[in-house]
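Look at the model first, then read the points below.

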Amino acid sequence: MQPEDPPFVPIELDPTFERQVQKLYLLIAYSRWLVVGCLWLSVGVLSLWGLRYEINLLLQYFTWVAVRYGLYYNPLPTFGLACCAVMTISNLLWQGRILLFGLPPKELRRLAKQVQQIRQQGKSHPLWKWICQ
């Protein structure tokens with residue numbers, strides 16, 4: 001059994017430390033959106049290319065049967081588009097939760113521990129120049 005986390009107490013009240021935690025959070029948020037963008041530019045484009053005939057059919061005669069036909073009988077492009085959509089929606093929900101309610105204390109502690117590890121390792125850490133400078 002692991003001991004429970006103590007109630008949230010700011011690890012350091014140093015403003016530079018808080019700024020570094022904020023930089024780490026922003027770096028994580030931007031990298032998540034970068035992954036989503038790359039996913040759309042690779043898998044999303046290939047999936048749409050695989051559905052080009054069905055999309056052309058939908059542009060001429062839109063029916064829900066045509067949508068069902070296009071998605072049901074092309075499982076690989078459908079799976080690719082579903083992956084892109086799910087990643088986008090999960091990222092929106094994650095960032096929306098943080099915008100509405102702020103960072104949860106557990107997540108804030110985790111980010112603070114990561115910043116402390118980056119500080120301890122020094123310039124040899126790959127994130128040193130983005131977080132600590």
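**Helix packing and a buried loop residue**

Helices α2 and α3 are roughly antiparallel to each other, because angles over 145 degrees count as such and theirs is about 180 degrees. This is a predicted model.

**The α2 and α3 pair**
- Helix α2 covers residues 52-60, and helix α3 covers residues 64-72.
- Their axes lie 10 Å apart.
- From α2, the residues E54, L57 and L58 make the contact.
- From α3, the partners are A66, V67, Y69 and G70.
- Sorted by class, this contact has five nonpolar residues, one polar and one charged.

**N74, in a loop**
- N74 sits in the loop between α3 and α4.
- Is N74 buried or exposed? Its relative accessibility is 17%, so N74 counts as buried, the cut-off being under 20%.
- Leaving aside neighbours within four places in sequence, N74 is in contact with L51 and E54.
- The side chains of N74 and E54 also make a polar contact, at 3.1 Å.
- E54 also belongs to the contact of α2 with α3.

**Helix α4**
- Helix α4 spans residues 75-101 and has 27 residues.
- From first C-alpha to last, α4 reaches 38 Å, close to the 39 Å expected at 1.5 Å a residue.
- Which residues of α4 are buried? They are P77, G80, L81, C84, T88, N91, W94 and I98.
- These buried residues pack against α1, residues 15-50.
- Just after α4 comes G102, with a positive phi of about 80 degrees.

How values were computed. Residues numbered from 1 in each chain as written. Predicted model: local features only at pLDDT ≥ 70, side-chain atom pairs only at ≥ 80, totals over all residues. Heavy atoms only, no water. Axes fitted to C-alpha atoms, helices over the stretch in contact; angles between N-to-C directions. Helix = DSSP H or I, 4+ residues; strand = E, 2+ residues; numbered from the N terminus. Parallel < 35°, antiparallel > 145°, perpendicular 65-115°, else oblique. Contact = heavy atoms within 4.5 Å. Nonpolar A, V, L, I, M, F, W, Y, C, P; charged D, E, K, R; others polar. Buried < 20%, exposed > 50% of the residue type's maximum accessible area, 1.4 Å probe, protein only. Polar contact = N/O pair within 3.5 Å; in protein donor to acceptor, adjacent residues only side chain to side chain. Expected span 1.5 Å × (residues − 1).
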